[in-house]
Amino acid sequence: MITREEISILLDHPVYDGDGNKVGDAKHVFLDDASGRPEWVTVKTGMFGSSESFIPIRDAALVKDHLEVPYRKDKIKGAPSVDIDAGGHLSVDEEHRLYDYYGIDWDSVLTDPGERDRSPGMGTTGTAGAAGTAGAAGAAGAAGAAGTAGAAGTAGTTGRRSEARTRGPGDDAMTRSEERMHVGVERHEAGRARLRKYVVTEEVQQTVPVRHEEVRVEREPITDANRGEAMSGPAFKEDEHEVTLYEERPVVETEAVPVERVRMTTEEKTADETVRGRVRKERIEAETEMDEESGRRGRDVPKRGRE
């Protein structure tokens, strides 16, 4: 059984189920208005702690730096949804619904833990009346909800509500929380690049000068200088003289020569990208109610101010 003195220890600490699995972190503890005993603990569950589930604390145990409860994680996450911001109290119907969900008998809830193992000589009505008396005593110095629980207990019914405490006993301050968005980056493969070498054939053109020989017939008159050569042969005789002609033709050959070296490198470019998300923030407002003794008629409209 968790005591009031242990509340400040378990808040914001891990909560584990009966199989040793972490359920979440303890965020609120709800006390019984009549007896002052811790009755419920709320745990942040779901993605990023978006949900808050109620767990009975009566059979829980504080072990080192965490709380152990005898319920499975999936059972806890499926607990009925309760509006914990509705005045800081559980209504009778909400508490009934939660106890039914966890299979806890309501009559055993009204019985003091020290009397659960005693002989069943005391009836349920008497037990409820005792709880009601404690509630009435608490009403003298606490909120009116405790008195309501006491009156219901005196009547022998199951009307009891639990008061929310977000910190240890005696601390009446509220804690305002808000979500912060943290944006990081992940490195992903975006594609691949490669160098591929292949052969293509291109038509090229180049002009080169080439020479060739052509026949040109030259005639010269007979003179005293060449007469001897001209009269050396017989006259009126058939004869021929042959000359070989030459020409140049283009000759093409290729050779492979290195022209450049090619490699791939990478460089990083930085660009700004806008990331949008939603975060939740708590707001705390102060309300003031004026009664007739303040010199005004009726009740004023609550004044709201942000803190």
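Colleague: Where is the place of Lys64 in this structure?

Modeller: Lys64 stands in the loop between strand E5 (61-63) and E6. Helices (H or I, at least four residues) and strands (E, at least two) are DSSP runs, numbered from the N terminus. The structure is a predicted model, in which local features need pLDDT of at least 70 and side-chain atom pairs count only at pLDDT 80 or more, while totals for chains, interfaces and linings use all residues. Residues are numbered from 1 along each chain as its sequence is written, and side-chain values use heavy atoms, with hydrogens and water left out.

Colleague: What is phi of Lys64 near?

Modeller: Most residues other than glycine have a negative phi. Lys64 has a positive value near 55°, although this residue is not a glycine. Its relative accessible area of 79% makes Lys64 exposed; buried means under 20%, exposed over 50%, and partly exposed in between (1.4 Å probe, protein chains only). Asp12, likewise not a glycine, has a positive phi of about 65°. Asp12 belongs to the loop between helix H1 (7-10) and E1, and at a relative accessible area of 40% Asp12 is partly exposed.

Colleague: How many helices and strands does the secondary structure of the chain come to?

Modeller: The chain has seven helices and nine strands. Of its 307 residues, 25% count as buried. To read how the chain folds back on itself, one looks at contacts, meaning heavy atoms within 4.5 Å. Among contacts between residues at least 6 apart in sequence, 55% join residues at least 24 apart.

Colleague: How many salt bridges does a search of the whole structure find?

Modeller: A salt bridge is a side-chain nitrogen of Lys or Arg within 4 Å of a carboxyl oxygen of Asp or Glu. The search finds 16 of them. One is formed by Arg72 and Asp19, whose closest N and O atoms are 2.7 Å apart. This pair links distant parts of the chain, 53 residues apart: Arg72 is in the loop between strand E6 (66-68) and helix H2 (73-77), and Asp19 is in the loop between strand E1 (14-16) and strand E2 (22-32). Asp19 counts as partly exposed, at 46% relative accessibility. A network of salt bridges links Asp19, Arg72 and Asp74.

Colleague: Are Arg192 and Glu189 buried or exposed?

Modeller: Both partners of this salt bridge can be read in turn. Arg192 is exposed because its relative accessible area is 70%, and Glu189 is exposed because its relative accessible area is 63%. The closest N and O atoms of their salt bridge are 3.6 Å apart. A further salt bridge joins the side chains of Lys269 and Glu267, at 3.9 Å from N to O. Lys269 is exposed at 70% relative accessibility, and Glu267 is exposed with a relative accessible area of 63%.

Colleague: Which side chain of opposite charge is nearest to Asp17?

Modeller: Lys and Arg count as positive and Asp and Glu as negative; His and the chain ends are not counted. For Asp17, the nearest side chain of opposite charge is that of Arg72, 6.2 Å away. Asp17 is buried, yet has no salt bridge. Asp17 is located in the loop between E1 and E2.

Colleague: Which residues is Asp17 in contact with, leaving aside its neighbours within four places in sequence?

Modeller: With those neighbours set aside, Asp17 touches Val23, Val69, Tyr71, Arg72 and Lys73.
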